[in-house]
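Student: Could you walk me through this one? I have the sequence and the coordinates open and would like to go piece by piece.

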Amino acid sequence: MNIPVITLGSLANAFVPGLEQLRGPVTVVRRCEELAELMAACQTGLARAAIIAPGAVELTASLADRLRFAGVVIVALTDGPIAPAIEGIEYVASTAGPATLADAVSRAVERFDASARPRGSLAYADPLDVPEAAPSPIDTGHGPADGPADGRVVAVWGPAGGPGRTTVAINMAAELAAAGTSVLLVDADTYGASIGASLGLLDESAGLAQACRIADQGGFGGAVLGRTAVSVAIKGGRLRVLTGITRPDRWPELRPAALGRVLEAARSLAEVTIVDCGFCIRPTRN
């Protein structure tokens, strides 16, 4: 079972590298610094669990209930004994290792899945119930299997001073997904990555950077990439998105070989991969 999670607070964010190295079902899809950002992400159906650092937010029963209505369980890191414990929250010592934390997340999600999910709405800001027949925004299976690497990779490029590359890339991806094609949208604009902001993802942790870090460790394929990418609902279908690095000075952190592995894995994950490129990339002919 693939378990996408969101972290809140610096201590929770510090667990991200360790959880990534486990290569287990628990995958961090976003790192948040504020409660409002966490709530917005959870209400989009992005995650199954939220890992919250000590002192990052006041843990209350109402907060636990609001996240439960969004289909998200809370795993709270603690610095000491908790009294009283809040029902529905899984507590883990902040000194625990990544494997212990991952096990706690899995237990919390399993207990949530075994119980009846609350129906209705707690507030006007909460998401309304969707029909049972509607597709789930979270893949609760084992993730996509690695298929044949015969998907197409389409680069959207334009010279400096020619705006509209991101708009074209997003609309191409959306139209293909609405037509039933499996699509991965990659933000590889080295100067002005903006696909995340355009889609309202508010993602501070670049999905492309995360995928490249995992690919650098070896054993990377379409299934792993599928757990790293964000699933976005559009009219008539869904598409996967790898958000870009919003700071140009961070692009040297990505190794060309790792990026190559990510694009190769994309060919086995999606029928079409749309790559939004920066203006400084010069196309070449073989």
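Tutor: Helix H8 has 8 of its 10 residues buried, so H8 is largely enclosed by the rest of the structure. Please keep in mind throughout that this is a predicted model.

Student: Which residues of H8 are the buried ones?

Tutor: They are Gly 207, Leu 208, Ala 209, Gln 210, Ala 211, Cys 212, Ile 214 and Ala 215.

Student: And what do the buried residues of H8 pack against?

Tutor: Their surroundings are made up of helix H2 (16–22), helix H9 (222–228) and H10, together with the strands E2, E7 and E9.

Student: Let's take H10 from that list; at what angle do H8 and H10 pack?

Tutor: Helix H8, residues 207–216, and helix H10, residues 256–269, pack at an angle of about 100°, and their axes are 8 Å apart. The two helices are therefore roughly perpendicular to each other.

Student: Which residues meet there?

Tutor: From H8 there are Leu 208, Ala 211, Cys 212, Ala 215 and Asp 216, and these meet Ala 258, Leu 259, Arg 261 and Val 262 in H10. Sorted by class, this contact of H8 with H10 has 7 nonpolar and 2 charged residues, with no polar ones.

Student: Zooming out, how many helices and strands are in the chain?

Tutor: The chain has 10 helices and 10 strands. Of its 286 residues, 47% are buried, and the accessible surface of the chain comes to about 14,000 Å², with 55% of that belonging to carbon and sulfur atoms. Among the contacts with a separation of 6 or more, 74% are between residues 24 or more positions apart.

Student: Now the sheets; in what order do the strands of the parallel one run?

Tutor: That open sheet is formed by 5 strands in the order E2-E1-E3-E4-E5, and its pairing is parallel. At the edges stand E2 and strand E5 (89–93), each with a single partner strand, so one side of each is left without a neighbour in the sheet. On average, neighbouring strands of this sheet are turned by 25° against each other, direction ignored.

Student: What stands opposite Arg 31 in E2?

Tutor: That is Thr 7. Strand E1, residues 3–8, is joined to E2 by 6 bridges, and the two run parallel. Thr 7 also has a bridge partner in E3, namely Ile 51, where 4 bridges join E1 to strand E3 (residues 49–52), again in parallel.

Student: Can we follow Ile 51 onward; which residue is its bridge partner in E4?

Tutor: In E4 the partner is Val 75, and E3 is joined to E4 by 4 bridges, with the strands running parallel.

Student: How many residues of E4 are buried?

Tutor: In E4, 6 of the 6 residues are buried, so E4 is largely enclosed by the rest of the structure. In a regular strand the side chains alternate between the two faces of the sheet. Both faces of E4 are covered, with Val 73, Val 75 and Leu 77 buried on one side and Ile 74, Ala 76 and Thr 78 buried on the other.

Student: Changing topic, what is the strand order in the mixed sheet?

Tutor: There, 5 strands form an open sheet in the order E6-E10-E7-E9-E8, and the pairing is mixed. Its edge strands are E6 (152–156) and E8 (230–234), each of which pairs on one side only.

Student: How many bridges join E7 to E10?

Tutor: Strand E7, residues 183–188, and strand E10, residues 272–277, are joined by 6 bridges and run parallel. Asp 187 stands opposite Asp 276 in E10.

Student: And which helix lies across E6, E7, E8, E9 and E10?

Tutor: That is helix H6, residues 165–178, which runs at about 170° to E10.

Note on methods:
Residues numbered from 1 in each chain as written. Predicted model: local features only at pLDDT ≥ 70, side-chain atom pairs only at ≥ 80, totals over all residues. Heavy atoms only, no water. Axes fitted to C-alpha atoms, helices over the stretch in contact; angles between N-to-C directions. Parallel < 35°, antiparallel > 145°, perpendicular 65-115°, else oblique. Contact = heavy atoms within 4.5 Å. Nonpolar A, V, L, I, M, F, W, Y, C, P; charged D, E, K, R; others polar. Buried < 20%, exposed > 50% of the residue type's maximum accessible area, 1.4 Å probe, protein only. Areas by Shrake-Rupley, 256 points an atom, 1.4 Å probe, with all protein chains shown as cover. Pairing = 2+ DSSP bridges.
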